Amino acid sequence: MNIHEYQGKEILAKYGVRIQRGIVADSPDRAVSAYKEIAKMTNSKFAVVKSQIHAGGRGKGKIVGTEQRGVQLAKSPEDVKEISTNLLHNTLVTHQTGPEGKVVNKVLIAEDAYYPGDSEPKEYYMSILLDRAKACNVIMASTEGGMDIEEVAENSPEKIIKEWIDPRVGLQGFQARKVANKLGLTGAANKEMVKFIYALYQAYEGTDSSMFEINPVLKTSDDKILAVDAKVNIDDNALYRQKDIAELRDKSEEDPMEVEASESDLNYVKLDGNVGCMVNGAGLAMATMDIIKLYGGEPANFLDVGGGANAQTVEAGFRIILKDPNVKAIFVNIFGGIVRCDRVANGIVEAYKSIGEIPVPIVVRLQGTNAEEGAKIINESGLKVSSAVKLKEAAELVQSVLK
Ligand code: GDP
Ligand code: MN
């Protein structure tokens, strides 16, 4: 689950990470009052207006059809009013949102952290994430902050510092110092960075995150280290024990079909092809997508209906798949292990009848316990459904119904 920058910063602050302070607002008037409060607090007329969407690249992104950037410096209440009017309820397109963009529902009015003094501030990059290949967390840092880290990784990979954390002992003091030293920091800024890394790691672990990316980490002109941005991903499987964080979920940022699927306990991920898939078990779902591709098709989605496929889950699955206008055929691939194929077949027939006419052909492959009985039920149902027992047969059938 992703959360907004302002929410990520609130978490960081709780763990003792210094942050660029800000107040979130959902209307231009509230943005102006937030600005006045920030201006009083910082004794400066400068503040930044930042679009809150679940995607990065906002600084370079633009509101559709305008020149308005997603992050902009303001120096008066009038500025704030104008910028937040341009941003709120409009669609921001960045290189991370895709061409359809994301609607800005909130803006963060943040202090201008860059110029409290006279010397030049410096931006760094830092993230903590799970390195699945090494089965441990990794801290990544770079002196090339503020810019696209993917570009740095591509063009100058030597500029990315990596420090792996042994899960048995956690982050060690020498590791935090090593990162700070490699970033070229000395004196007070070095000490601040060590503290920053420590607190950031506590926040990452304490919230069961799978990623915490701070880009930029700012060294201010008075040697303070603070988080200017926060991109956070929480492990969905830990949300049951992170109740406070689970409440931060913003469904308006998620694909509506994926939200609907999760409400029926289905794991659905939309893809770009034309063959809708309904499968029990994630591994079988992956294999099913592979075989569709092998036979020249393109899967329209990943859909795992879980272990206990019944009429309700099958019906919910059909309804979600059919909302995708690209779907030209549906491939149901169920392995009857705990669940019996004849029960699933009855579920499919029931779901079909309850939805009414399904406008695309359906190929059902039932394998495992009572597979033959299941196929018989499908074949005798009189519905526009064909059945197969072998996976290869099913994939060929899908291709033939598409023609
Ligand atoms: P992103 O583009 O979505 O990653 O959003 P960021 O929060 O990283 O902000 C984008 C850019 O805005 C940063 O890299 C900074 O260059 C700039 N920025 C953010 N906060 C401030 C600020 O307080 N003062 C100034 N002058 N620039 C800022
Ligand atoms: Mn950023």
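A residue counts as near a molecule if one of its heavy atoms lies within 4 Å of it, and in this predicted model 17 residues are around ligand 1, of which Q20, K50, R58, G59 and D112 come nearest. Local features need pLDDT of at least 70 and side-chain atom pairs count only at pLDDT 80 or more, while totals for chains, interfaces and linings use all residues. Residues are numbered from 1 along each chain as its sequence is written, chains are lettered from A and ligands numbered from 1 in the order in which they are written, and side-chain values use heavy atoms, with hydrogens and water left out.

**Ligand 1 and its surroundings**
- Polar contacts here are pairs of N or O atoms within 3.5 Å; within protein, one atom must be able to donate a hydrogen and the other to accept it, and residues adjacent in sequence count only if both atoms are side-chain atoms.
- Oxygen atoms of ligand 1 lie 2.9 Å from a polar side-chain atom of Q20, 2.7 Å from an N or O atom in the side chain of R58, and 2.8 Å from a polar backbone atom of G59.
- An unreviewed UniProt entry places the feature "binding site" at K50, G57, R58, G59, A113 and E123; such annotations may be inferred rather than shown by experiment, and their positions are given in the numbering used here, with feature names shortened.
- R58 sits in the loop between β3 (47-52) and β4 (62-63), where helices (H or I, at least four residues) and strands (E, at least two) are DSSP runs numbered from the N terminus.
- R58 counts as buried because its relative accessibility is 6%, buried meaning under 20% relative accessible area, exposed over 50% and partly exposed in between (1.4 Å probe, protein chains only).
- The side chains of R58 and E5 are joined by a polar contact of 2.7 Å.
- A113, in the loop between β8 (106-111) and β9 (122-131), is also counted as buried, at 5% relative accessibility.
- Leaving aside residues up to four places away in sequence, A113 touches Q20, L218, T220 and L226, a contact being heavy atoms within 4.5 Å.

**Manganese site**
- The protein donors of the manganese ion (ligand 2) are N215 (O) and D229 (OD), lying 2.2 Å from it; donors are N, O and S atoms within 2.8 Å of the metal (3.2 Å for Na, K and Ca), and since water is not among the atoms, sites may look incomplete.
- N215 lies in strand β12 (residues 209-219) and D229 in the loop between β13 (225-227) and β14 (231-234), 14 residues apart.
- Both N215 and D229 are buried.

- In helix α8 (residues 256-263), M257, V259 and A261 are buried, and the buried residues of α8 pack against β15 (267-270) and α10 (311-322).
- At the start of α8, a side-chain oxygen of D255 reaches to within 2.8 Å of the backbone nitrogen of M257.
- The unreviewed UniProt entry places "domain: ATP-citrate synthase/succinyl-CoA ligase C-terminal" at residues 278-396, a span that is 46% helix and 21% strand.
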